[in-house]
Structure formats: structure tokens, C-alpha cells
Amino acid sequence: MPLVAALAALAGNTVVTAAVTDAWEAARKGFARLLGRGDPGTAQLAEQRLAETRDQLTRATGADLERTRTALESQWVTRLTDLLEENPGVEADLRALVQQVQAQLPARVVSAADHAVAAGRDVTISADRSGIAAGVIHGNVAPPNPPGPGPAAS
């Protein structure tokens, strides 16, 4: 059962991550087909839930976005755990779908919560009209191609 839970968690995260990327259409179609299991009514319900997921994520901003992501991911993990427990034969198909969708996701997806900013590239912080701008870095940050230890090259 731990493998089922791990696959469901990975798949739930994949649904939520893909929902706001260019990989969404392929992900939406694949997950709806898999969840529908050949039943048009079940597939339509899956399509509706997938559309609601994307809508909620595209409307959310700031700290609300991370809370929304977490809540939706939890819902998808539960749905996909149920799918795997009720239909053990779909495990290979779900695994293949997750790999297919993840291959289409942007190479570097970053996220932040609360009052944080996450970026895959440069961040510019500025203030105007006598405002104050500040930034704090937590964690490891290095410039690209940092010089090695030793005396500076001339």
C-alpha cells in the first residue's frame, strides 16, 4: 500500500502543478480518460473537477495560492488513491501518465508561500516615493560560475 500512496501523492502533485502550465491540455485529457475508466459520465465528472482545479488555481494569488494548491493537491491525492485501491490495474497507466505529463512541465518550477518570493532567475527590488525596499535571502545562493578558492586571477 505504501507504493499506492506514493504514486497517488506524485500524481496529485502533477495534476496541480500542470494545471497552470502549457502541459495542462495533455494532462487534463489524460487524467479525465484515466479517471473515467470508459464511463462517459465518470469522465465528464473528472473533466469538471479538473476544470475547477485550474479555475481555482488561476484565480488565487499570494498566500491564498499556496493554500489553494495544498487543498487541491490533497483532494487529488485522495481521488487518485481511491482510483488505485478500487482499480489496481490502472497503476501502470497512472505511472505512465504522470511521467508523460512531468516530461512536459517546465524544467524549473519554483513556488513560495506567505510573504515570500521565489524566482528561477533574477529578482529586482525597488521602491519609489520615499518608500523602503528590502530583501532577505535564506538558504544557499551563488552567482553563476563562481570563482574557485585561492588568489584572484588577474
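Helices here are DSSP runs of H or I with at least four residues, and strands are runs of E with at least two, numbered from the N terminus. Arg37 lies in the loop between H2 and H3 and, because its relative accessibility is 43%, counts as partly exposed. Buried denotes under 20% relative accessible area, exposed over 50%, and partly exposed in between (1.4 Å probe, protein chains only).

The model is predicted; local features need pLDDT of at least 70, side-chain atom pairs count only at pLDDT 80 or more, and totals for chains, interfaces and linings use all residues. Residues are numbered from 1 along each chain as its sequence is written, and side-chain values use heavy atoms, with hydrogens and water left out.

Helix H2 covers residues 24–36, 13 residues in total, and reaches 17 Å from its first C-alpha to its last, close to the 18 Å expected; the expected span is 1.5 Å times one less than the number of residues. Its buried residues are Trp24, Ala27, Arg28, Gly30, Phe31, Ala32, Leu34, Leu35 and Gly36. These buried residues pack against helix H1 (2–18), helix H3 (40–59), helix H4 (62–86) and helix H5 (91–104), where contact means heavy atoms within 4.5 Å.

The loop between H1 and H2 contains Ala19, which counts as buried because its relative accessibility is 0%. Not counting residues up to four places away in sequence, Ala19 touches Trp24, Thr53, Arg54 and Leu57. The C-alpha atoms of Ala19 and Thr58 are separated by 8.5 Å, with the two residues 39 apart along the chain.
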